[in-house]
Amino acid sequence: MKKEFKVIADLLPKNVRVLDVGCGDGSLMDLLVKEKNIEVRGLELVEENVKKCIYKGLSVIEGNAETELHQFPNQSFDFVVLSQTLQAFYNPEKVLKDLLRIGKSVIISIPNFGYWKVRTSLLLFGKMPVTKNLPNTWYDTPNLHMCTIKDLFDFCSEKNIRIDRAIGVNENSISEIKKSNLEIKNLFSKLGVFLLS
Amino acid sequence: MSNKLENIKKLNVSKSLLLDCKQTVKDFPLAYETYGKLNESKDNAILVFHALTGDQFVSGINPITKKEGWWATAVGPGKAIDTNKYFVICANVIGGCMGSWGPKEIDKKTNEPYGLNFPVITIRDMVKAQETLLDHLGIEKLLCATGGSMGGMQSLQFCTTFPNRTFSAIPIACGTSHSAQNIALNELARQAIMADPVWDKGKYIKKNVQPKNGLAVARMVGHISYLSEKGMQEKFGRKLQEKADYEFSFDADFQVESYLRHQGYTFVERFDANSILYITRAMDYFDLSRQFKGGLIEAFKNQKTKFLIISFSSDWLYTTKENKDTVIALNASGADVSFAEIKTEKGHDSFLVNEPEFLKTLKGFIDSMHIKFKNEKRI
């Protein structure tokens with residue numbers, strides 16, 4: 001979702017160092033370089049995407065975030081960004097810990113499994129939800145650990161991870177998520193973007 | 001061959017150079033070739049470093065061997081490194097035998113070819129010699145320094161020894177030091193040469209002969225290591241060489257044998273055996289972490305060069321893991337580094353053959369770096 005990248009870009013100050021984990025074809029990196037003069041590096045698993053980044057003059061390392069984050073030293077970036085990938089790792093907890101080690105702050109986004117369309121899809125049809133944001137069927141989805149915005153709040157509090165900002169994102173709107181409006185935002189946000197430290 | 005070598009471009013390096021072996025040298029020849037034109041703003045120069053058996057003739061027809069230049073797949077008009085756009089420079093390494101200062105050159109002190117009196121040189125010595133060429137050509141900062149295998153080692157060495165002389169670098173299929181396996185294979189090549197009685201402790205050169213058998217075996221060892229197991233199986237399998245059945249002899253029954261023999265014996269026409277000894281030694285001594293107290297992180301400290309490391313999935317000589325270790329060290333030093341692994345069955349040789357994905361990556365990176373370098377120069 002384009003809106004998501006805009007939200008992430010708005011969370012970042014100018015002239016900082018950012019690592020984009022799972023940077024895809026470099027769309028977000030490109031945006032950060034052009035609009036914020038950010039020094040950005042990417043890590044990407046898919047060979048084709050790695051090349052697209054290289055053609056654009058973006059710095060990208062072909063590699064697997066699940067096994068290769070150890071190469072980045074402690075606190076070597078101001079921010080580490082992970083867009084809609086946390087749920088696809090075998091061990092999201094380990095990955096998140098690594099991200100918090102590498103970056104002074106971490107921005108992650110998750111597709112919200114608590115979104116009302118997802119909920120009603122399972123409730124009404126009794127089938128695993130397939131939506132615009134979660135387009136894969138149960139047998140070919142890369143998403144091993146789906147969670148909701150509320151799950152992530154609980155997870156962070158259990159693991160002593162501070163949530164500095166939480167933002168609910170839909171195509172045409174964004175809204176701040178607080179403990180007080182968590183239930184309602186968890187129902188009506190397609191994506192959750194979190195600034196963690 | 002020596003007559004023909006008189007007509008090639010040579011720089012007399014007048015600056016004195018302290019070699020790693022502590023000898024100081026000056027007034028020695030460095031043979032080189034250039035392709036394309038240096039533009040007015042001097043932002044389009046690319047220095048290519050050649051590998052073990054390469055030379056300065058990167059593209060077009062090699063005037064000495066009359067064969068296509070060793071990197072004609074990548075360098076030339078309209079190629080990945082487009083000589084219509086870029087000014088490509090390549091020098092024959094010192095220790096080599098294509099006109100640069102090497103063991104077959106005449107030692108002015110004795111008026112005889114050096115042979116084993118030539119000093120043992122290193123990758124750093126090679127790179128220092130080539131830096132003088134940039135001064136000669138009036139190039140303050142290169143757009144890119146690149147090469148594969150030993151050429152890749154030279155590009156890494158160049159960036160650490162001269163951190164401000166190139167905007168970007170593409171070390172291809174190499175590491176920051178030579179592995180035990182690579183040293184072992186080089187030793188095999190050297191032993192093959194030294195076991196040939198014609199070699200005579202390197203003095204063959206005075207008698208105007210070559211230890212052909214030893215040199216050919218050395219080349220065969222190299223050729224096996226440049227291919228992958230699968231690539232070799234697909235290319236040759238158990239196919240017989242122009243015969244229907246085994247001959248029950250030790251002739252080249254199998255195609256793969258015939259291929260190796262051909263590679264070995266054509267090589268002796270164009271290469272000097274002592275040069276192989278010296279250049280393989282330089283590769284074995286290569287260890288960037290050893291040059292810097294504090295290891296690789298120190299070696300790459302404050303690097304402003306933008307790196308692209310490229311490895312090939314089937315390369316077992318300089319594995320993806322080894323290439324990735326360079327990436328890790330660069331990352332740990334905070335350097336700007338990209339990395340791509342090209343999936344291919346063509347082994348270590350992949351950078352020399354037509355491997356479209358590799359060539360596209362090379363072109364994409366250089367073209368994007370050129371835009372960035374131009375912008376940097378404008379500011």
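Predicted model: local features only at pLDDT ≥ 70, side-chain atom pairs only at ≥ 80, totals over all residues.

Residues are numbered from 1 along each chain as its sequence is written, while chains are lettered from A and ligands numbered from 1 in the order in which they are written.

Q: How do you know what confidence the predictor has in chain B?
A: From pLDDT, the predictor's confidence in each residue, from 0 to 100. Chain B has a mean of 96, and 99% of its residues reach 70 or more. For the complex, the predictor gives an ipTM of 0.89 and a pTM of 0.94.

Q: Why does the radius of gyration of chain A agree with that of a compact globule?
A: The radius is taken over C-alpha atoms, and the globule rule is 2.2 Å times the number of residues to the power 0.38. For 197 residues the rule gives a value near 16 Å; chain A has 16 Å, so the two agree.

Q: What makes Gly364(B) count as buried?
A: A residue is buried with 20 or more other C-beta atoms (placed from the backbone) within 10 Å of its own, exposed with 12 or fewer, and partly exposed in between. Gly364(B) has 20 such neighbours, so it counts as buried.

Q: Which residues is Gly364(B) in contact with, leaving aside neighbours within four places in sequence?
A: Lys51(A), Ile54(A) and Tyr55(A). Contact requires C-beta atoms, placed from the backbone, to lie within 7 Å.

Definitions and conventions
Contact = placed C-beta atoms within 7 Å.
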